[in-house]
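Sequence and structure come first.

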Amino acid sequence: MLNINDLQASVEGKEILKGISLRVNAGEIHAIMGPNGSGKSTLASVLAGKESYEVTGGNVLFEGKDLIEMAPEDRAREGLFLAFQYPVEIPGVSNINFLKTAITEIRAYKGLPPLSSREFMNLLKEKQELVELKTSLVNRSLNEGFSGGEKKRNEILQLAMLDPKLAILDETDSGLDIDALRIVANGVNKLRTENNAFMLITHYQRLLDYIVPDFVHILYDGKIIKSGTKELALELEEKGYDWVKEELSVQASHSL
Amino acid sequence: MEKGIFNNFYKDLINYFENGLPASRLTEPGWLSEKREAAFNLFKEKGFPSRKNEEWRFTNLERFLADDFKFRVQNGADKVSAEIEDFEASRIRIVNGRFAADLSDPLPDGMTFMDTSAALSDPRFAGKFGSIADDRESSMLALNTAFARDYSILHIAANAIIKKPLHISHIYTEQTGPSFIPYRTLVIAEKLSEATLVETFHSDAAAPVFVSFVSEQQIDESAVFHSHMINTLGENVYFVQHREVLQFRNSVLNNSNITLGDTPLIRNDLNFRLQGTGTETNLLGAYLLSGGQHVDNHTLVDHRMPNCNSNELYKGILQDKSHAVFNGKVFVRPDAQKTNAFQKNNNLLLSNQATVNSKPQLEIFADDVKCSHGSTVGQMNNDALFYLKARGIGEETARRLLMEAFVFDIISRLEIPALREYTAGLLKRKLHTDNLVIA
Ligand SMILES: Nc1ncnc2c1ncn2[C@@H]1O[C@H](COP(=O)(O)OP(=O)(O)OP(=O)(O)O)[C@@H](O)[C@H]1O
Ligand SMILES: [Mg+2]
């Protein structure tokens, strides 16, 4: 589904991603962990097409198509979704109109007619229950005045509504209390199928207790320095990043 | 001679007043003739204000007054759609400055509307004309005083609580040649009354029209007056408005000033003089400009007495080569202790060929007051734009949604649902979002 090959990217002339390779197949869940500032959000932003990030090397194929060449809206229409670490507040754009516009544009891209009002409302109601988001929030301006947890659940509502092939969740678990975390995790587990895939960016093993990943990758200083299965996350929790760094320097000295 | 504009239009006007006065003028009351004479002399001396006049620094009238404007015989307004859908209101139409009785409704008890002859013959209002808007410096006001062809009075009786809003449609329909339409209204809201006035401005003009509209308003003690202006004028109309509002003790005035048309020139001078204590004044404004439109809003809130509150928020979007001017004066005079005065002007500048001149002007002469003002000129929020695009919304649609949202912030504060709908519709039409399925 997603094939990242030696991806390098910089922002304002500063190199941040220093050659990342990663392959995600349909049906898989990948967790990406790493210390603050290691480039996790940068990777997510580059994949989603944020203009301020410049791709300086490597390539990315999404369902066989060159992702980097695509406009951000086309990436979304092709089935890529990013749940933002910091969702933007947009006063004056109602949550519900926003969702309807997004669905209409994605369907138009695929040559499908817009949903009728009833179809849309039914879909919304169903997905809203999935993330247990109050109707009053759905009718409000997009994210305006939402609490941190409400913003994150709203991201998952959008994810559920747009039904993407690949969803990247950038620290969706941060700032959630345990109940909200369970709701979000349950939502993801219900949305999970053989045909879609998830990339979970997180600092905490806690999320991975609820959503069990197939693979765990550690991103450090713009590179994936270690990959493994779910046990890697547990080990990381126990021993911390210094352990990985030490291992890395041992390897480095061996190869000298 | 002064630093004014003395063009052909000016010369025609001088000649018209001195030599060609219409017969109707001869039957006017003496007090009015005197006022006209004095105003004419002021206008004759000063001419139209040029950019050398500080108040007109950013608005070059000369450019707009190049046509050969004349007083012309006017005809009907059947073709212009001036309705607001689902709006429960009494309707009055003023066509080319003149009250159109056949197109107007009877008014509820406590509310009276008088046309020129009724207004001038009613002894209660003798001498009122020009007594509220009495600025002796303004040659544009003098122009109107000297030449106003039509005059009407809206009177709201003391203690009358009038639930049903009054909707006045101002319609300009010139078809024959460049035409000059100067006219004036007086609003008197008496003690303890409450009323709502919605004024919409429409045009279907094949030839250029230069409108000079003056509205004098007196809001008496403890009266509440809601007033809305929605300007949808088209490409041929040059619109200059002077509005002078006197507010007395404990009165409340709400005004919204929304520009969503295509007219090349709007200049509004909106002055609010707070003559009594405990008044409240809320001003909202919105403008969405495109092409070469030029919209200049000058507002003045003059705190003369203690314990008054004023709040002003104007927001605008500029596209293409448009030009917006905002000059917001707030005066807090020495007697006006315990004043609360807030003012804000926010602009979204979407083209590097568009211009905003935003000047909040706060002058405080009292010490125990709370005042603030601010003005911003910003670009499209790229993070918001990216957020929308990341959900599959195309660039164009995303931009329009954000523009709509910026102005909607003002529109959503209008208290009348039909008015919100109406202005939202105008906004969508202007942004070409009306054909999008986003409702
Ligand atoms: N727009 C930007 N301008 C300048 N530097 C940036 C920008 N965005 C990110 N960076 C820098 O790039 C590096 C990686 O940032 P990024 O946000 O990708 O880290 P992260 O792994 O997501 O961290 P966190 O766990 O704190 O979310 C950091 O050093 C950050 O300061
Ligand atoms: Mg991050």
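1. The model is predicted, so local features need pLDDT of at least 70 and side-chain atom pairs count only at pLDDT 80 or more, while totals for chains, interfaces and linings use all residues. Residues are numbered from 1 along each chain as its sequence is written, chains are lettered from A and ligands numbered from 1 in the order in which they are written, and side-chain values use heavy atoms, with hydrogens and water left out.

2. Chain A has ten helices and twelve strands (DSSP runs numbered from the N terminus: H or I of at least four residues for helices, E of at least two for strands). Its radius of gyration is 19 Å, close to the 18 Å that the globule rule gives for 256 residues, so chain A is as compact as a globular protein of that length. The radius is taken over C-alpha atoms, and the rule is 2.2 Å times the number of residues to the power 0.38. The C-alpha atoms of chain A fill a box of roughly 65 × 40 × 35 Å along the principal axes. Of the 256 residues, 53% count as buried (under 20% relative accessible area; exposed is over 50% and partly exposed in between, with a 1.4 Å probe and protein chains only).

3. Chain B contains nine helices and 21 strands. With a radius of gyration of 21 Å, close to the 22 Å from the globule rule for 439 residues, chain B is as compact as a globular protein of that length. Its C-alpha box is roughly 70 × 50 × 45 Å, again along the principal axes, and 59% of the 439 residues are buried.

4. Which residues are the protein donors of the magnesium ion (ligand 2)? They are Ser41(A), through OG, and Gln85(A), through OE1, at 1.9 to 2.2 Å from the ion. Ser41(A) lies in helix H1 (residues 40–48) and Gln85(A) in the loop between strands E6 (80–83) and E7 (90–94), so the pair, 44 residues apart, links distant parts of the chain. Donors are N, O and S atoms within 2.8 Å of the metal (3.2 Å for Na, K and Ca); water is not among the atoms, so sites may look incomplete. Ser41(A) is partly exposed at 26% relative accessibility, whereas Gln85(A) is buried at 15%.

5. Around ligand 1 there are 16 residues, of which Ile16(A), Lys40(A), Ser41(A), Thr42(A) and His203(A) come nearest (a residue is near if one of its heavy atoms lies within 4 Å). This shell divides into four nonpolar, eight polar and four charged residues. H1(A) gives the largest share, three residues; strand E2 (14–24) of chain A also supplies at least two.

6. Oxygen atoms of ligand 1 lie 2.9 Å from a side-chain N or O atom of Asn36(A), 2.9 Å from a polar backbone atom of Gly37(A) and 2.8 Å from a polar backbone atom of Ser41(A). The protein covers 69% of the 640 Å² of accessible area that ligand 1 has on its own.

7. Eight of the nine residues of H1(A) are buried, so the helix is largely enclosed by the rest of the structure. Among them are Lys40(A), Thr42(A) and Leu43(A). Gly49(A), with a positive phi near 100°, follows H1(A).

8. Gly378(B) sits in strand E21 (residues 370–378) of chain B and is partly exposed at 22%. Its C-alpha is 8.5 Å from that of Leu350(B), 28 residues away in sequence.

Conventions. A polar contact is a pair of N or O atoms within 3.5 Å; within protein, one must be able to donate a hydrogen and the other to accept it, and residues adjacent in sequence count only if both atoms are side-chain atoms. Accessible areas come from the Shrake-Rupley method with a 1.4 Å probe; for residues, only the protein chains shown count as cover. Ala, Val, Leu, Ile, Met, Phe, Trp, Tyr, Cys and Pro count as nonpolar, Asp, Glu, Lys and Arg as charged, and the others, Gly among them, as polar.
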